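Please look at the sequence and the model below before reading on.

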Number of protein chains: 2
Amino acid sequence: MRTSIATVCLSGTLVEKLHACARAGFDGVEIFEPDLVAAPESPEEIRALASRLGLTLDLYQPMRDVEGVDEAAFAEVLRRAEAKFALMQRLGMDLVLCCSNVGSATVDDDAVSASQLRRLGELAAGFGIRIAYEALAWGRYVDDYRRAWRIVELAAHPAVGVCLDSFHILSRGHDPAAIEQIPGERIFFVQLADAPAMTMDVLSWSRHHRLFPGEGSFDLAAFVAHVVRAGYTGPLSLEVFNDTFRQTDVRATAVHARRSLRWLEDATARRADTAGGLVRLTESAAPTGFDFAEIKAEDTSAIEVMLTQLGFTPRGRHRTKPVTLWSSGAARVVLNEQHAVGLSPHLAAIGLLVPEPALLTERARELGTPIAYRRTYAAEQVLDAAGAPDGTEIFWGAAAAGEPAWTTEFEHGTGAPADASPASGVVAIDHVSLTEPWQAVDEAVLFYTSVFGLEPVGSTEVASSQGLVQSRVMRSPGGEVRLPLNVVPAGFAQRSRDAGLAQHVAFRCTDARGLARAARARGLDVLPIPGNYYDDLVARFGLEPGFVAELQELGLLYDRDGEAEYLQFYTGIVGQLFCEFVERRAGYDGYGAGNAPVRLTAQGAGR
Amino acid sequence: MRTSIATVCLSGTLVEKLHACARAGFDGVEIFEPDLVAAPESPEEIRALASRLGLTLDLYQPMRDVEGVDEAAFAEVLRRAEAKFALMQRLGMDLVLCCSNVGSATVDDDAVSASQLRRLGELAAGFGIRIAYEALAWGRYVDDYRRAWRIVELAAHPAVGVCLDSFHILSRGHDPAAIEQIPGERIFFVQLADAPAMTMDVLSWSRHHRLFPGEGSFDLAAFVAHVVRAGYTGPLSLEVFNDTFRQTDVRATAVHARRSLRWLEDATARRADTAGGLVRLTESAAPTGFDFAEIKAEDTSAIEVMLTQLGFTPRGRHRTKPVTLWSSGAARVVLNEQHAVGLSPHLAAIGLLVPEPALLTERARELGTPIAYRRTYAAEQVLDAAGAPDGTEIFWGAAAAGEPAWTTEFEHGTGAPADASPASGVVAIDHVSLTEPWQAVDEAVLFYTSVFGLEPVGSTEVASSQGLVQSRVMRSPGGEVRLPLNVVPAGFAQRSRDAGLAQHVAFRCTDARGLARAARARGLDVLPIPGNYYDDLVARFGLEPGFVAELQELGLLYDRDGEAEYLQFYTGIVGQLFCEFVERRAGYDGYGAGNAPVRLTAQGAGR
C-alpha cells in the first residue's frame, strides 16, 4: 500500500522534513498546518519541492471545530474554510482533515453536524477538495468513529468521507470490526499510531506517548486488516505525536517510521484473508544463539588478562587483521584492535547464529536497514551486519553443528576448543546488555522485532544512585538470545561515575562458585559486594548461613523465583564494559533485577 | 518543627546523602533500606557517621506485606522482622515503617490485621522498637488512613502507631480532617510530598512525579495544620520519589528540599489556629516592578547598537566598573563587561523593586538561599542578590518615586532619562523569559514562590522544530513582574540551532508599529516572519487586509483574546539572548503563545 506520514511526527523545518521523508522512501506526506505557517517558503515552493522529490501531498490537517455549532458560528467556519481551501489550491492539495468538535460545539445533534458537513463539503467541492471527518477520542460530542460515520452517511455528499485514526479508536477500546461496514470509497484516509499501555488521560497519552506501529501494545495488524477488508485503497499514514521523535534527527526518524509501516503491511498480510495486494517481507527464522561478542579497543590487553583468569582459551590472531579470538565452550569473544586508536574497551558488535543468513540480509534490506561494511579478503567468511540504533553492530552467520567456519581464520592459538571448558568454566554467552540512549529505545525495540524476530518481554526499572534505569528485554522465542536494553536517563550523559552507562556481556556457567573460586585464584578482581547485602539475603530468603557465607566470600549475588535460583558475579568496569557470570538453576528465567541497584552502587564506588 | 528527609529522595551514595542532608540543615533522615543494603559501610559506621554529623536516624523503611496474611505466612513475616529489628539495633534506630499489604494479603479483616500488628509490635518492643503503620494508596485491602488508624486502635499495643503520608491521603482525595481524631501520640511519623495535578494511575504518579511541598497542587499547609492540631510533635519528613531529583546534584537537592519544609512550616503557621510552636519566616512584600535587566559579555557593542536603534538613551559608564546603563522610560538595561572574557551576550541578572529590601534579604537567608557577592565600593549602592536555580542572579532594591539611587553612579551619559522615551518608545520591561534546564524548573518554581512571593500561573507547551518547550509563568500578584520559565527538553543540550535555549527580555511600548518603523529606519534587523503566517492570520481572525499588510511589512505578530489584542516583534538572537517588544491593548494578559512556534522556527532559520 502507499505510505505517508504527517510532518508533525518529525523534527526540523518543513523543507528538512520533506527531504527526509523522500529519502526514507515514503510516497507522500500529510502537511501539518503549523509547519506550513512557520515556513518561509511559499505554498507554491512547497508544492514544487514535493513534486521534485516525488512526494504526494496527501492530507492538509487539521481543520478544527467545524460542526455542531450554531448558525452564526458556522458562518465564521465557512469564512475560515474558504481561506484554507484557497491555500490548499495553491499547494495543489485535494483532501483536508476535519476533526470532530472539541472547543466550540454547542449542538449535540447528528442532523445538525451532518447538515453543516454537507455545506462545508459543497464549498470544498467548488475548490476540487474533499473533507475527511474524524472522531477525536476527546471530541465534545462525537468521540467514536461509528458516530462519525453515521454523520457522514447523513451528510450524503460525495466530497465528505471519514478519516480513521487507530489511536482515537483503540485508545478508547472501541471495536474496530465495524470499519468493515463502511464502504471503502467512503474512507478517505487512514492514520496509524501505536501506543504503550498506560493509564492516563487520553489527551496527554495521545499528545506525548504515541509510538510507531510495532512499538506499543495496539494490535495494528488487526486494525489494518479491517481497513483493507472494507476496500480502502488510499495510503497508510503515520500520525505519531511523541516528545522523543520531535527531538531526534529527522532523517533517522523517517527511516525508522518507514520501517514500521513496512513491517505492519507484512504483519497484516500474514492474516491470510487480507493478503491480496499487500507486500510481504522475506521470511527469516529467529536467531538460535549467540555467535560471538566483539570487544574493540586500541589495546585489548586488560580484557585478555581477564579472559585468561576466567579460563578462556586463546585461539590465535586473525590472518589479516589485528583481531584475536578467545573461547570457552560455545562462548566466543573477539578482541579487535583495528581502527581503534584512542578507543577504550567497549562492546562493538555481537554475532547471532541464524538458520539462513541470506534471507535475513534480504529482509533487513527490505526494512531499510543499512548493511554495515567490513573489509573482507578472498577466502574469508563474509558475515553481514546491521547497525543497531545504539551504534552496536549486529552480525549474523549460519548456525552449524560445530564451530562456525569463520573461526578457522584465526592462527597460532593454543589449546583445542573442546578442552577449553573445564567443569566450572563458561559454557556460553547468556545475554548481552546494551545501553540505549533514551531517544533510541523505541526504535531499538522495532529494530530487533522487525528485522531479527526477537520479542519484547516486559520492562523493569532499576534504581541506581544516579537515577532510574529502565530495562527492556528482547529475546528470541526459544530464549537462546537475550538482549536487555538499558535505557539511560537523560541526566546520565552529563555525569561521571556512571555504571549505568556500561554495556555488559553475561556468560553462563554450570558452577558459579567453582568459576569464581578458580578465577580469583588466577587473580581476577571480582566486584566487591557489601556485607549489608548478605545480611539482607539472610533476612529475605532464610538461606542456610554456610551457603550465604560462601556467597559473601566469593562476591556472589543470589536471587530466587519459586524453586528456581540464580547465582551471579561481576567484574569491575574495564573501559566502557564489564562481564557477568551467571548460573541458572531449575529454569530461572530472569536477570536478578533486585540485585542491580547493589551492583550499580558497587561499580560506582569503585570508579 | 524538626525536619527529616528520606534518603530515597536524593541521588548519590548513602554517605553522600548523609553529608548533604546535614549540610542543608536537616535534623534527621529516614533510612531507605535499599540505600543501606547497597552501602559498603557497616550499620555501625552509618550510625557513627550520622551521630558525628548531628543527624538523627528517624525511621527505617519500608517493611512490606506484614499483615492481612494467613498464619503460615505470618510466621515468615516474624522471622524476617526479627532479622530487621536486630539490624535496626545495630543502627541505633527505634522506629520502622510498615506499609499496608500490597502483594501477599489474603485476609480482608481488620481483626486479623490488628492481631498480627499487635504480635509484630510485641516482638518489636523486645528490641525497643516501635512500628508506624501506613495505608498505601494502592494497598490491597487497606488504602485509607482512617482504616489504618482503626486497625492500630484495635491492635492496642503501645509499640504500634500510624504513619501519615500526605501523598497517599491527598492523591486519593481523602479528607485529611479526620487526622485530628487521632491522638497525637499515636501518630508515630508524618511524611510529606506534593504532586502536580495529573490523571494517571496512582502508583506511577507516586513513583515518578512527587514534588517537594510548594511545587505541586496539594494543600499541604492545611494537611500539616491537621497534624499539628492532632498534637503530633515528631518531625516533618519529606518522602519524594521523583525521576528528576534522583539525577540532580545531591547537595543542591538537599538545600532545595530543606527550603520547601521551611516554607511549609511558615505557610502552616499563617493559619492562626495552628501558630503555636511553628516558626515563621520574615514577611516580605512581593516585588512591584522590574528595576533593570543586566546583559553581560566580553564585548557588549552589538547590544549597544540594538538599544540605540530602539531609541534607548546611553546613560554613561559606572564610576568604578566597565558597566554602562541604558534606559527608555522605566526600562533600564545594564551592560556589563566585567569578568566577562570569552563570554557572548547573555542575561546575567535581573533587578526587582521591592518595598523593603532588608526584609527580603532576611527572608532569603532563612530559606537557605545563598546571597550572591558583588564587589561594592564605599558610597555605592549595595543591592543584595540571590542565585536562581538556572544561574541567573536576582537582585532587589528599594522602589522609589523616581529612578533608583544606584543610577547616579553612572557618568558621562547623554540625555536626561525623561527625554529618552518618545511617544513610540519603550516604556518598561514587560517580562523576562528565563531558560530552565529540565532538572531545575521545579526548584525554580519554589524559589520564586517562597523567596519572592511570585505566583505560578499555568503552564503551556510550545512546539518548536526541535521539541516541545514547556513554559511556566511566575508573576507578582499585581502583574508588574512576569517571568516565563521555559523548560528546555533534554535533547536540546546536544543540538546547535536552538532558539529554544535563548533567554529574552520583552519591553513594553504603547505603539509597536511606530516603534518597529522607527527602529527599522535606524537600521534594526527585525526578525523576518514568513508570509504564510499572515495568510493564516487573515483566515483565523478575519482582520482588515490593510492592517495585516502593515503587520507583515513591519514583521509584527498578532494575537487576540476576546477584545484584548497583542502586538509583538522580535530581534534576532545575539549571543544567547534576543529582545521582544510588545504592545498590550485592552488588558491583554498573555504572551502570544500561539505565535511562539513561528518565532522559534524563524530564529532557527536565521542562525
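Which residues form one aromatic cluster? They are A:Phe292, A:Phe395, A:Trp406 and A:Phe410. This is a predicted model, in which local features need pLDDT of at least 70 and side-chain atom pairs count only at pLDDT 80 or more, while totals for chains, interfaces and linings use all residues. Residues are numbered from 1 along each chain as its sequence is written, chains are lettered from A and ligands numbered from 1 in the order in which they are written, and side-chain values use heavy atoms, with hydrogens and water left out.

Over all chains, a search of the whole structure finds 34 aromatic pairs (rings of Phe, Tyr and Trp, the last by its six-membered ring, with centres within 6.5 Å; planes under 30 degrees apart are stacked, over 60 edge-to-face, the rest tilted). The ring centres of A:Trp396 and A:Phe452 are 5.6 Å apart and their planes stand at 70°, so this pair is edge-to-face. Both A:Trp396 and A:Phe452 are buried (under 20% relative accessible area, with a 1.4 Å probe and protein chains only).

Charged ends also sit over rings (NZ of Lys or CZ of Arg within 6 Å of the ring centre and within 35 degrees of the ring normal), as the table shows.

| Charged residue | Ring | Distance to ring centre |
|---|---|---|
| A:Arg130 | A:Phe188 | 4.0 Å |
| A:Arg584 | A:Tyr591 | 5.4 Å |

Between the chains, 56 residues of chain A are in contact with 56 residues of chain B (heavy atoms within 4.5 Å). Four salt bridges are found across this interface (a side-chain nitrogen of Lys or Arg within 4 Å of a carboxyl oxygen of Asp or Glu), and the side chains of A:Arg90 and B:Asp535 meet in a salt bridge at 3.1 Å, N to O.

Terms used. Buried means under 20% relative accessible area, exposed over 50%, partly exposed in between (1.4 Å probe, protein chains only).
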